[in-house]
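Hello! Here are my notes on the model you asked about, written as numbered points so that you can follow along with the picture. Keep the viewer open while you read.

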Amino acid sequence: LLVGNHQLWGLDTALLVQGVYEGTGTLARGLAHPFVFQEGMVSGISLDGGRNALEVFGAVSVTPKNYYTLLSEGKVALLYPGGIAEAWDEKAATYRVVWPDPGVGGS
């Protein structure tokens, strides 16, 4: 499991995935907000016969089931706990940790 914090617009993710792949031969599978898979998004560019660019590079929608599946299959999962809110925050220079509500999903 790789955990990080997004920089502005999540542009750092492609560099991280590429670096891990070139250094280890392992594809880090990103867990992405469902919003970024929608048509019209920058990441919604179709590649490889109409597939979403993120899917071509191994990303999956961030769900508990997908997270569990990746880890149970021994895959490298890439997770940004701040998610899309952190990536699209125009005040990216001001870092803050966003912890989930402890009542959601247990502790």
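This is a predicted model: local features need pLDDT of at least 70, side-chain atom pairs count only at pLDDT 80 or more; totals for chains, interfaces and linings use all residues.

Leaving aside its neighbours within four places in sequence, which residues is alanine 32 in contact with?

1. **The overall make-up.** Let us begin with the whole protein. Its secondary structure comes to four helices and six strands. Read from the N terminus on, the elements run β-α-β-β-β-α-β-α-β-α. Of the 107 residues in the protein, 27% are buried. The accessible surface comes to about 7,400 Å², and carbon and sulfur atoms account for 62% of that surface. Contacts along the chain are also worth a look: among those between residues at least 6 apart in sequence, 63% join residues at least 24 apart.

2. **The sheet.** Four strands form an open sheet, and their order is E1-E6-E2-E5, with parallel pairing. Strand E1 (2–3) and strand E5 (60–61) are the edge strands, each pairing on one side only.

3. **How the strands are joined.** Take the pairs in turn. E1 and E6 run parallel and are joined by two bridges; here leucine 2 stands opposite leucine 78 in E6. Strand E2 (residues 28–32) pairs with strand E6 (residues 76–79) in the parallel sense over three bridges. Within that pairing, glycine 30 stands opposite leucine 78 in E6, and alanine 28 has valine 76 in E6 as its bridge partner.

4. **Alanine 32, and the reply to the opening question.** Alanine 32 is found in strand E2. Apart from neighbours within four places in sequence, alanine 32 is in contact with Phe37, Leu54, Val60, Ser61 and Val62. One of these, serine 61, is its bridge partner in E5. Another, valine 60, is 28 residues away along the chain, yet the two C-alpha atoms are separated by 6.1 Å. Is alanine 32 buried or exposed? Its relative accessibility is 15%, so alanine 32 counts as buried, since the cut-off for buried is under 20%. The strand as a whole is mostly covered: four of the five residues of E2 are buried.

5. **Helices lying across the sheet.** Helix H1 (residues 12–24) lies across E1, E2 and E6, and runs at about 160° to E6. Helix H3 (residues 64–72) lies across E2, E5 and E6, and runs at about 170° to E2.

6. **Tyrosine 67 on helix H3.** Tyrosine 67 lies in helix H3. Not counting residues up to four places away in sequence, tyrosine 67 touches Leu1 and Leu31. Tyrosine 67 and leucine 79 are 12 residues apart in sequence, and their C-alpha atoms are 9.1 Å apart in space. With a relative accessible area of 30%, tyrosine 67 is partly exposed.

7. **A nonpolar patch on the surface.** Leu1, Val3, Tyr67 and Leu71 form a nonpolar patch on the surface, and together they have about 350 Å² of accessible area. Valine 3 is found in strand E1. Why does valine 3 count as exposed? Its relative accessible area is 55%, and the cut-off for exposed is over 50%.

8. Lysine 75 has its place in the loop between H3 and E6. Leaving aside neighbours within four places in sequence, lysine 75 is in contact with Arg29 and Leu70. Lysine 75 and alanine 28 are 47 residues apart along the chain, while their C-alpha atoms are separated by 7.4 Å. At 38% relative accessibility, lysine 75 counts as partly exposed.

Terms used. Residues are numbered from 1 along each chain as its sequence is written. Side-chain values use heavy atoms; hydrogens and water are left out. Two strands pair if DSSP finds at least two bridges between them. Contact means heavy atoms within 4.5 Å. Axes are lines fitted to C-alpha atoms, for helices over the stretch in contact, and angles run from 0 to 180 degrees between N-to-C directions. Patches are made of residues with over 30% relative accessible area and no salt bridge: like charges are joined within 9 Å, nonpolar side chains (Val, Leu, Ile, Met, Phe, Trp, Tyr) within 5 Å. Accessible areas come from the Shrake-Rupley method with a 1.4 Å probe; for residues, only the protein chains shown count as cover. A salt bridge is a side-chain nitrogen of Lys or Arg within 4 Å of a carboxyl oxygen of Asp or Glu. Buried means under 20% relative accessible area, exposed over 50%, partly exposed in between (1.4 Å probe, protein chains only).
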